[in-house]
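Student: I would like to learn how to read a protein model step by step. Could you take me through one?

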Amino acid sequence: MRPYILAEANWDYLKDAKFELAVLPWGATEAHNYHLPYSSDIIEADLVSAEAAKIAWEKGAKVIVLPTIPFGVNTGQSDIYLDINLNPSTQYAILKDIVEGLNRQNIYKLLILNSHGGNDFKPFIRELGLQFPKMFICTANWYQALDRNKYFENSGDHAEEMETSLMLHLKPDLVLPIEKWGEGKEKKNKIKAFSEGWLWAERKWSQISSDTGVGNPRLATKEKGEIFFNAVTEKIGCAMYDLSKVDINDLYE
Ligand SMILES: [Zn+2]
């Protein structure tokens, strides 16, 4: 039993335990190019959270990782077979119940570790902060914790070189052979302001990519995945440690 993983803990241990920080990993169930499993975001959320929490725990942080939520916001992929959508309002309801429980049990710090681009927790955190003033809730997209350009050659944000490398490191038996990898070519919006980044609309996934990938995975390797995984979990683990130790009434200097 890892003492920082709730799914492995038992009442014998938990009846006397006290935690400073809860971590809620949040994934999605969706197509990832031809070659990665639908659970890619869940596996990444699970394993990044667990390894980062291990690092924080070994430094002395009292951190507990909750089970990963397996479904995310997939409104833009409604026509892709078996992509499972949680509407943002449903996601808010789930998060609120979890926050309410933590608040009642005096665990006032929560980190939502997000693994999926369609999930956006910031508006929920603002609203829940008003309802639960003792709670300190924060969120991080683990895939943005490091500058990916230092680790990978090709850009992208879905089943691309980074994600394929990670999955080759974490679950190689669930990755199809390289002959099956699609190019992950993304069609850009005709209106230039969208590619400049300041005008936003949800991407209609089936229209922007023929293989559901965004970003070419061709240069992905297991070795790159391992280096990135170790670096990103070290960074997130240190942040978990800081979060668990900080006084939330004395955050600013
Ligand atoms: Zn993914």
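**Reading the fold**

Tutor: From the N terminus on, the elements run α-β-α-β-α-β-α-β-α-α-α-α, where helices (H or I, at least four residues) and strands (E, at least two) are DSSP runs numbered from the N terminus. The radius of gyration, taken over C-alpha atoms, is 19 Å, close to the 18 Å that the globule rule (2.2 Å times the number of residues to the power 0.38) gives for 253 residues, so the protein is as compact as a globular protein of that length. This is a predicted model, in which local features need pLDDT of at least 70 and side-chain atom pairs count only at pLDDT 80 or more, while totals for chains, interfaces and linings use all residues. Residues are numbered from 1 along each chain as its sequence is written, and side-chain values use heavy atoms, with hydrogens and water left out.

Student: How many helices and strands does the protein have?

Tutor: The secondary structure comes to eight helices and four strands.

Student: What share of the residues count as buried?

Tutor: Buried means under 20% relative accessible area, exposed over 50%, and partly exposed in between, with a 1.4 Å probe and protein chains only. Of the 253 residues here, 45% count as buried.

Student: How many disulfides does the structure hold?

Tutor: A disulfide is a pair of cysteine sulfur atoms within 2.5 Å, and the structure holds zero of them. The sulfur of Cys138 has its closest cysteine sulfur in Cys238, 15 Å away, which is too far for a bond. Cys138 counts as buried at 17% relative accessibility, whereas Cys238, at 26%, counts as partly exposed.
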